[in-house]
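Please look at the sequence and the model shown here before reading on. The report that follows is meant for someone who is new to this structure.

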Amino acid sequence: KFLFFHLTLIFYRDMRGCLLRPAALTCVGARRVNHAGPLGIRRFADFCFDPRVDRRLAKAMEELPDQDETLPVRPPRDTQQSIMRSMEEGFDPLLGGWQGPPPSYVVQSRTVNRSEVELRSVNPTTGAEYLPDIKLVIYKPSKGGPTPTVVYCHGGGMSILHDENAHLKSTAYVIGSRGLASTFIKCSMSSRIPKKDDSFRALGLLFASAGLTVVFPAFSNSTDRAFPRGLHDCYSALLWARDNLQDLNSTGQLVVAGDSGGANLALATTMLAKQLGFKGVSGCYAFSPFIRGQYPSPDCPSHEEFDGYFLTTNAMDLCASHYTNTEADARSSLAWPSLASKEDLTGLPPMVVSVNEFDPLRSEGENFVSAARSAGVRCEFILKKGTIHTSDLFMSCCPDLAQEAAAHLRDFAASVSTHVK
């Protein structure tokens, strides 16, 4: 019976691919694009029958509503603005639920302190100050000795998950019977706080519970201020962390980390620090980096191979086109670290690059690791089997993977040298 059921699923998957998938594709110009919702996500059924994908992730994708809109290819910039806002709204039901911590994290949340500071961001090359100020949200263990410090850049393709909702608006923890995430979602809805807050809160609790002090900069996204403002915000946060290590009860180990677009900013911040002669970065940790800038790209086979496994190349191309305003910026390795030369990479601190097996961005991380190692950088590579884009941080779906990721980030941060200057 089991074999018959399994073969039936395979037959249905293959027949669905033959019969339905062509109807779900259309041509815009010379590009093939997927019918998808505001997030560019292909419907769950298009890959849920892939037996290699973690069943928990497939089940989570099944809960998504049917979405039949089409993302246009490289629309005018004024049109991009409204599309990006729609994409941001599409993240609400995903990250608020998927990255929300399971009930077991509620108890641990009581041992985590949270605080906020306002920061005046500065252009590091000209010294000019930026307005408005950005907010830093800090999570750290309430007890115990000194811990490594991580400046963590959130995901969103450097374009969405707006800076006004990239930090916690209320200092009150309201714990309900259904767990932290469910309660926070209800609070967010009543006070019009986007559910992305639940994700940052969850990541802060996750990392601090693992034994890290984490600084989240609410950096500027390209929906408001294009490159390099967001990068400069992250670099300013790094300098603030360096200047406040004692108050943060830090061991002196200072790591820059991030996921997806945040991994881009983490790598670029580390490269910018090197260019400016700042030696205080102890290491860099990149989860599922979004760093190529061209979608699809011939040097990244995963763009085509896993197109539609949660992300689509069309959605990534839209984020990429929105990030920079000029051709010169689009060719900058600080905008797209995949473009870094050997000279750019030589002398960088130790790194970890973690990628997901079924992620269109997988090749980007693999290629960066090869380039970094060729430049003499100590760079660890991790391939998360059975996972889709950043799903190793989906605490509600895959708590074991999230705990493992947090522990590895902690162990890496604790292993690197302390040389803050």
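## Basis of the model

This is a predicted model, in which local features need pLDDT of at least 70 and side-chain atom pairs count only at pLDDT 80 or more, while totals for chains, interfaces and linings use all residues. Residues are numbered from 1 along each chain as its sequence is written, and side-chain values use heavy atoms, with hydrogens and water left out.

## Nonpolar cores

A nonpolar core is a set of buried Ala, Val, Leu, Ile, Met, Phe, Trp, Tyr and Cys residues joined through side-chain atoms within 4.5 Å, where buried means under 20% relative accessible area (1.4 Å probe, protein chains only). The largest such core holds 70 residues, and Leu-238 and Phe-290 touch the most other members. Helix H8, residues 261-275, gives the most to this core, with 8 residues.

Apart from this core lies another, of 31 residues, among them Phe-287 and Leu-393.

## Helix H8

Helices are DSSP runs (H or I, at least four residues), numbered from the N terminus. H8 has 15 residues and reaches 21 Å from its first C-alpha to its last. Because 13 of its 15 residues are buried, H8 is largely enclosed by the rest of the structure. Gly-277, whose phi is positive, near 80 degrees, follows H8.

## Cysteines

A search of the whole structure finds 0 disulfides, a disulfide being a pair of cysteine sulfur atoms within 2.5 Å. For Cys-153, the nearest cysteine sulfur is that of Cys-234, 3.7 Å away, and Cys-153 counts as buried at 0% relative accessibility.

Conventions. Buried < 20%, exposed > 50% of the residue type's maximum accessible area, 1.4 Å probe, protein only. Helix = DSSP H or I, 4+ residues; strand = E, 2+ residues; numbered from the N terminus. Expected span 1.5 Å × (residues − 1).
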